[in-house]
Amino acid sequence: MDSILINSPRVGNGYDVHALKERLPMRLCGVDIPSDKGFVAHSVGDVAIHALCDALLGAAALGDIGLHFPDSDPRYKGIDSTKLLSEVVAMLSGEEANKYSICNVDITIALQEPKLRPYIDTMRETLAGIMNIGKDQVSVKATTTERLGFVGRGEGCEVWASAVIVPNNEYQY
């Protein structure tokens with residue numbers, strides 16, 4: 001095949017899970033959430049941003065967050081996850097990834113408590129700012145698991161993220 005049309009949308013999915021522990025900070029989508037428990041992680045542990053990074057990287061076929069920011073690398077110990085997302089956005093707009101634009105992202109957070117509704121709009125604004133897209137291109141939803149499983153018992157949080165990106169160039173030879 002001499003050339004292929006590559007300006008069609010590309011979809012990526014991400015998933016991440018972190019355990020909860022008392023007296024640790026809780027940050028989701030770059031927003032500090034008041035809580036008695038926070039995430040156990042090598043970085044700040046923003047499980048939502050980690051899943052989002054995987055969705056964006058997956059859509060561009062650039063691997064995953066562990067490939068680019070391994071937890072074995074001391075540079076990433078305690079790093080703010082918004083910095084990781086900023087780096088992923090830079091990768092998407094760079095030559096290596098054929099300069100992709102982010103069309104939209106959708107995140108679902110499963111967490112028994114605390115209730116996240118009061119923070120959703122701030123989360124959307126924060127993520128939109130980091131990704132240089134409109135707030136209307138960012139969806140963040142929260143759910144519980146009706147007290148079922150490790151999430152329902154308050155032992156952890158899991159997040160699913162999807163991203164749609166589109167290449168900025170029309171053809172690849």
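This is a predicted model: local features need pLDDT of at least 70, side-chain atom pairs count only at pLDDT 80 or more; totals for chains, interfaces and linings use all residues.
How many helices and strands are there in the chain? There are five helices and nine strands, where helices (H or I, at least four residues) and strands (E, at least two) are DSSP runs numbered from the N terminus. Starting at the N terminus, the order of elements is β-β-β-β-β-α-α-α-β-α-β-α-β-β.

Residues are numbered from 1 along each chain as its sequence is written, and side-chain values use heavy atoms, with hydrogens and water left out.

## The chain as a whole

The radius of gyration of the chain is 16 Å, close to the 16 Å that the globule rule gives for 173 residues, so the chain is as compact as a globular protein of that length. Here the radius is taken over C-alpha atoms, and the globule rule is 2.2 Å times the number of residues to the power 0.38. Along the principal axes, the C-alpha atoms fill a box of roughly 55 × 35 × 25 Å.

Of the 173 residues, 45% count as buried. Buried means under 20% relative accessible area, exposed means over 50%, and partly exposed lies in between (1.4 Å probe, protein chains only). Now look at contacts, meaning heavy atoms within 4.5 Å. Among contacts with a separation of 6 or more, 71% involve residues 24 or more positions apart.

## The core and its helices

The largest nonpolar core has 50 residues. Such a core is a set of buried Ala, Val, Leu, Ile, Met, Phe, Trp, Tyr and Cys residues joined through side-chain atoms within 4.5 Å. The elements giving two or more residues to this core are helix 1 (47-59), helix 3, strand 6 (100-110), helix 4 (120-131), strand 7 (138-143) and strand 8. Helix 1 supplies the largest share, ten residues.

Which residues have the most contacts inside this core? They are Leu28, Leu56, Ile109 and Met131. Leaving aside neighbours within four places in sequence, Leu28 is in contact with residues including Phe39, Val47, Ile109 and Met123.

Helix 1 is mostly covered, with twelve of its 13 residues buried. Among these buried residues are His50, Cys53 and Asp54. From first C-alpha to last, helix 1 reaches 19 Å, close to the 18 Å expected at 1.5 Å a residue; the expected span is 1.5 Å times one less than the number of residues. Just after helix 1, Ala61 takes a positive phi of about 55°.

Helix 3 has twelve residues that should span 16 Å, and its end C-alpha atoms are 17 Å apart, which agrees. Its buried residues pack against helix 1, helix 2, strand 6, helix 4 and strand 8. One of the residues in helix 3 is Thr82, which counts as buried at 16% relative accessibility. Not counting residues up to four places away in sequence, Thr82 touches Gly30, Ile49 and Ile130.

## Charged pairs

Side chains of opposite charge can pair when their charged atoms come close. The structure holds nine salt bridges, each a side-chain nitrogen of Lys or Arg within 4 Å of a carboxyl oxygen of Asp or Glu. Here are three of them.

| Salt bridge | Closest N to O |
|---|---|
| Arg27 and Asp32 | 2.9 Å |
| Arg27 and Asp80 | 3.0 Å |

Is Arg27 buried or exposed? At 15% relative accessibility, Arg27 counts as buried. Arg153, by contrast, is exposed at 53%, and Glu155 is partly exposed at 40%. Elsewhere, salt bridges that share partners join Arg117, Asp121, Arg124, Glu125 and Lys135 into one network.

## Aromatic pairs

The structure holds two aromatic pairs. Rings of Phe, Tyr and Trp (its six-membered ring) pair if their centres lie within 6.5 Å; planes under 30 degrees apart count as stacked, over 60 as edge-to-face and the rest as tilted.

Tyr15 and Trp160 have ring centres 5.8 Å apart and planes at 50°, so this pair is tilted. The two residues are 145 residues apart, with Tyr15 in strand 2 (residues 10-22) and Trp160 in strand 8 (residues 156-167). Tyr15 is partly exposed at 39%, and Trp160 is partly exposed at 39%.

The rings of Phe69 and Tyr76 have centres 5.4 Å apart and planes at 85°, so that pair is edge-to-face. Both Phe69 and Tyr76 are buried.
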